[in-house]
Amino acid sequence: DWEDGMYLCFRSAQQSVRVFVDGEQIYEYDTSGSRRFGKSTPSAWNFVLVPSGAAGKRVSIETTSPYQQSSGKLNMVFYGEFSAVELYVINQRLPQFIISIALVVLSLILFLASFCLLKSREMRHILHSLSFFILLVGVWVYGESKMPHTFMSVRLMESIAVYFALCILPIPYLEYMRCRMSPRHQKGNKVLLFAALANVLASTLLQLFQIKDLIELLPSTHAIIVLTAAYAIFAIWSDRRKGVKIGDRLEVGGLIFLVICIFVELSLFYQSQYNRTGELVPLGLLVYLTMLSISTVRALVRRSAEAAELDRKLQENRVQLLISQIQPHFIYNTLGAIQTYIKKSPDIAYKMVQDFSDYLRMNLQSLTNPGTVSFADELRHVRAYTDIELIRFQNRVQVVYEIETEDFQILPLTV
């Protein structure tokens, strides 16, 4: 029995839709005349107003799609008042939608935390890769939430964004894992990274030239995602067997929870309890990625503190090295010699003052130089010292230089 003001509601999956009442078309959803990209009409919720006087008439729904897995198939149909049907659908999809928003917020928190907690550009890069990966997972979960939309014009862009998010997904994760893996796994990681980049490029070009749709290219994307996950698990397991500590109990606990969620959801799916599926895997992803984020931030903050402590000790060692090179008796003796030669030989005194100032300046510069210096500069430092000693001790000291090359870098004050 049809009542006036009632709606039919169902979700189409890459399908064009037409609804008929006794052979008369009352509704159509088909973007073939307006879409610029893609072969199919984007997936969408269809709310069809049942016309007055439809009682006792036959209602038929026709779905067509360029994809065999979607053509002619119809998902569950809801019937009732618009607000009631929409509210029911929203309540069914709300958990996944909330999880997607939580993932996006988590990615933004990580991105901002990288600037607040870390000074090293390399450590920030690790967090940026992880935050971008979580953002893409959030976009994908949002697409899988299948929430109804008020603005119909965003359907195509949303569909493309979700598929591209899935396509790009392995790239930031592989970059994140590159910073965690031991060097012996870097080659495999690089191969997978190039494969993922090639897949994104090929998918984009095939989509733009309308040769293949992104949905038709999903098998290659799924294959790269599976290979990436398998290689990451293998690398972590292999490194831990070798005694290389990767991850902590928090991360491992999150991963176990995700695996349990996947197992339970697969069990429900194969028991045909479809209405109970679709929530556990996103929840598992949220828990795992949250645990992974906390573990990563904690490890990077610890590494940053260790690097700062090491830098402090290095600075202290440089000061000690400087003190060891400029002993008070050397300063007193040099100044005394300069005083003597001012009256005896002003030219020699002038040369000693110049060498002494060069020597002191280079010693002080070494305190603020965090890197290496050229051997030629270090040699000038040594010559300034030996020239002073040659003047002081005259014929009692002889210095011989046998230098084949000066074109290389060394640490300051090492000669």
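Visitor: What kind of model am I looking at?

Guide: This is a predicted model, so keep in mind that the values here are computed from predicted coordinates.

Visitor: How many helices and strands does the protein have?

Guide: There are 11 helices and 8 strands.

Visitor: And what share of the residues is buried?

Guide: Of the 415 residues in the protein, 40% are buried.

Visitor: What about contacts between residues at least 6 apart in sequence, what percentage join residues at least 24 apart?

Guide: That comes to 76% of those contacts.

Visitor: Let's pick a helix. Where does helix 1 bend?

Guide: Helix 1 bends at Leu 94, by about 50 degrees. A proline, Pro 95, follows within four residues.

Visitor: Switching to the surface. Which residues form a nonpolar patch there?

Guide: Leu 201, Leu 205, Leu 208, Phe 209 and Ile 211 form one. Together they have about 520 Å² of accessible area.

Visitor: Where is Phe 209, and is it buried or exposed?

Guide: Phe 209 is in the loop between helix 5 (186-208) and helix 6 (218-241). Its relative accessible area is 61%, over the 50% cut-off, so Phe 209 counts as exposed.

Visitor: How about Ser 129, buried or exposed?

Guide: Ser 129 is buried, with a relative accessible area of 7%. Ser 129 lies in helix 2, residues 121-145.

Visitor: What does Ser 129 touch, not counting residues up to four places away?

Guide: Ser 129 touches Pro 172, Glu 175 and Tyr 176.

Visitor: OK, Arg 11. Is that one buried or exposed?

Guide: Arg 11 has 11% relative accessibility, which is under the 20% cut-off, so Arg 11 counts as buried. You'll find Arg 11 in strand 1, residues 7-12.

Visitor: Which residues is Arg 11 in contact with, leaving aside neighbours within four places?

Guide: Ser 43, Ala 44, Trp 45, Asn 46, Asn 75 and Lys 146. Take Asn 46: it sits 35 residues from Arg 11 along the chain, yet their C-alpha atoms are separated by 5.9 Å.

Visitor: Lys 146 is on that list. Where does it lie?

Guide: Lys 146 lies in the loop between helix 2 and helix 3 (155-168). Lys 146 is partly exposed, at 26% relative accessible area. Its phi is positive, about 55 degrees, although Lys 146 is not a glycine.

Visitor: What about the phi of Asp 22?

Guide: Phi of Asp 22 is near 50 degrees, again a positive value in a residue other than glycine. Asp 22 is in the loop between strand 2 (16-21) and strand 3 (24-29).

Visitor: Last topic, charges. How many salt bridges does a search of the whole structure find?

Guide: The search finds 11 salt bridges.

Visitor: Which residues are linked in a network of salt bridges?

Guide: Arg 18, Glu 28 and Asp 30 are. Glu 28 and Arg 18 form a salt bridge with the closest N and O atoms 3.0 Å apart. Glu 28 lies in strand 3 and Arg 18 in strand 2, so this pair ties together parts that are 10 residues apart in sequence.

Visitor: And how far apart are the closest N and O atoms of Arg 18 and Asp 30?

Guide: They are 3.4 Å apart. Asp 30 is in the loop between strand 3 and strand 4 (44-49), so its pairing with Arg 18 ties together parts 12 residues apart in sequence.

Visitor: What separates Asp 358 and Arg 361 in helix 10?

Guide: About one helical turn, because Asp 358 and Arg 361 are 3 residues apart in helix 10 (residues 346-368). They form a salt bridge too, with the closest N and O atoms 2.9 Å apart.

Key:
Residues are numbered from 1 along each chain as its sequence is written. This is a predicted model: local features need pLDDT of at least 70, side-chain atom pairs count only at pLDDT 80 or more; totals for chains, interfaces and linings use all residues. Side-chain values use heavy atoms; hydrogens and water are left out. The bend at a residue is the angle between axes fitted to the seven residues ending there and the seven starting there. Helices (H or I, at least four residues) and strands (E, at least two) are DSSP runs, numbered from the N terminus. Patches are made of residues with over 30% relative accessible area and no salt bridge: like charges are joined within 9 Å, nonpolar side chains (Val, Leu, Ile, Met, Phe, Trp, Tyr) within 5 Å. Accessible areas come from the Shrake-Rupley method with a 1.4 Å probe; for residues, only the protein chains shown count as cover. A salt bridge is a side-chain nitrogen of Lys or Arg within 4 Å of a carboxyl oxygen of Asp or Glu. Buried means under 20% relative accessible area, exposed over 50%, partly exposed in between (1.4 Å probe, protein chains only). Contact means heavy atoms within 4.5 Å.
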